[in-house]
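This briefing walks through a few features of the structure shown below, taking a helix pair before a sheet. Please keep the view open while reading the points that follow.

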Amino acid sequence: MADPKPRNLGGSLPVPNVQDLAGRPDELTLTPTLLRRYVRPQPNTADLRPDAPAGEEQEHVPIIDLGRLLGPDDLAGGRDEEAARLRSACEDWGFFQVVNHGIPEETLEEMKRNVMGFFALPLAEKAAFAQRPGEIEGYGQAFVVSEEQTLDWADMFFLLTQPPSYRDLRLWPSNPSTFKNCLENYSAEVQRVAGELLGAMAENLGVRDHSDMTRLAASQSVRMNYYPPCPEAHVDSVLGLSPHSDAVGLTLLLQVSKVPGLQIRRKGGWVPVTPLPGALVVNVGDVIEVFTNGKYRSVEHRAVVNARHERMSIATFHSGKFGTMYGPLEEAVGDEEPRYRSVSVEEYVKLVVSSKLDGKNIMDAMKID
């Protein structure tokens, strides 16, 4: 029997279309109030360091070779070395890039072309896929819960993709003509990679039944992001995506355009991430932090915008199916006390959708006092 599509999870307040605003630069210059809701208060001194502190070499996100990680043990201990590298990345960084993942290059490139093609459509055509009141799926924005909060300089197109019964095909555009088939292929490939990574994490954690972890790849959603150029793109003045950790199991990100923008919080500053050609950027989500009882930690990250160039990316989120539970795994807790409470997936998702992006606020709500 097909898994029922989740409903009534909540949505986001409507906001102006940012791509449309960015397309009227003269009006933005003459009417500064149009940008008022996007400009942030002056940041704290600790947040003014997007690069490495003086005298320190810039750190780089770890790289995981998936083929080596899943391959047979050899005399050089390649698989064990890669597993140790994955463990270190999950414990120390919460982020890594995965290469040699087996997704055909053409699948990645076709997905990029389709996302660029969708965002290049006239606004009226994209508006046909706009979010309905109280729904998160569709074209628009997420995590806007009040008329007073500072907004992100971005538009998004959000779709549920796995399992197939979760899909609302009315929101899958027929223009570009290859969008539907392309997204279906890309979705399946990325879900496979997520499951393989989760299985390797389970092995590292000593989880006997790997399905306790790999079930976090059972549900998938895709967020396609469009960050227009912004005349106020000073450091921390206007952001494309507010600092937050991902409230999911595992996120795999494909950079569409060459313009950088992703930054992760590390050692009091922000470290820029430059994706390798053909790589996917992977980050540990809040749910994995819960499952591992804090052994693997989700990390805050943000997206900055560019004054002259647009940026696009595709974030693919993996989580457990509705009708299941989130909570610390027995093997991960061991002799310790559980640090996080157990909740249903439905309860958890409603908490996430009704909250704004604000650091690790979801994890704060999950912690046992």
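In this predicted model, helix α4, which covers residues 78-93, packs against α7 at an angle of about 90 degrees, and the two axes lie 10 Å apart. Because angles from 65 to 115 degrees count as roughly perpendicular, α4 and α7 are therefore described as roughly perpendicular to each other.

**The contact of α4 with α7**

- From α4, the residues A83, L86, R87 and C90 meet L197, A200, M201 and N204, which belong to α7.
- As background, an α-helix has 3.6 residues a turn, so residues three or four places apart point the same way.

**Helix α7 and its end**

- Helix α7 runs over residues 179-205, a stretch of 27 residues, and spans 38 Å between its first and last C-alpha, which is close to the 39 Å expected at 1.5 Å a residue.
- The residue that follows α7 is G206, and its phi is positive, near 75 degrees.

**The four-stranded sheet**

- An open sheet of 4 strands is arranged in the order β6-β11-β8-β9, and its pairing is antiparallel.
- At the edges stand β6 (239-244) and β9 (269-272), each of which pairs on one side only.
- From one strand to the next, the twist averages 30 degrees.
- Strand β8 (residues 262-266) is joined to β9 by 4 bridges, with the two strands running antiparallel, and R265 stands opposite W270 in β9.

Definitions and conventions. Residues are numbered from 1 along each chain as its sequence is written. This is a predicted model: local features need pLDDT of at least 70, side-chain atom pairs count only at pLDDT 80 or more; totals for chains, interfaces and linings use all residues. Side-chain values use heavy atoms; hydrogens and water are left out. The expected span of a helix is 1.5 Å times one less than its number of residues. Two strands pair if DSSP finds at least two bridges between them. Axes are lines fitted to C-alpha atoms, for helices over the stretch in contact, and angles run from 0 to 180 degrees between N-to-C directions. Angles under 35 degrees count as roughly parallel, over 145 as roughly antiparallel, 65 to 115 as roughly perpendicular and the rest as oblique. Contact means heavy atoms within 4.5 Å.
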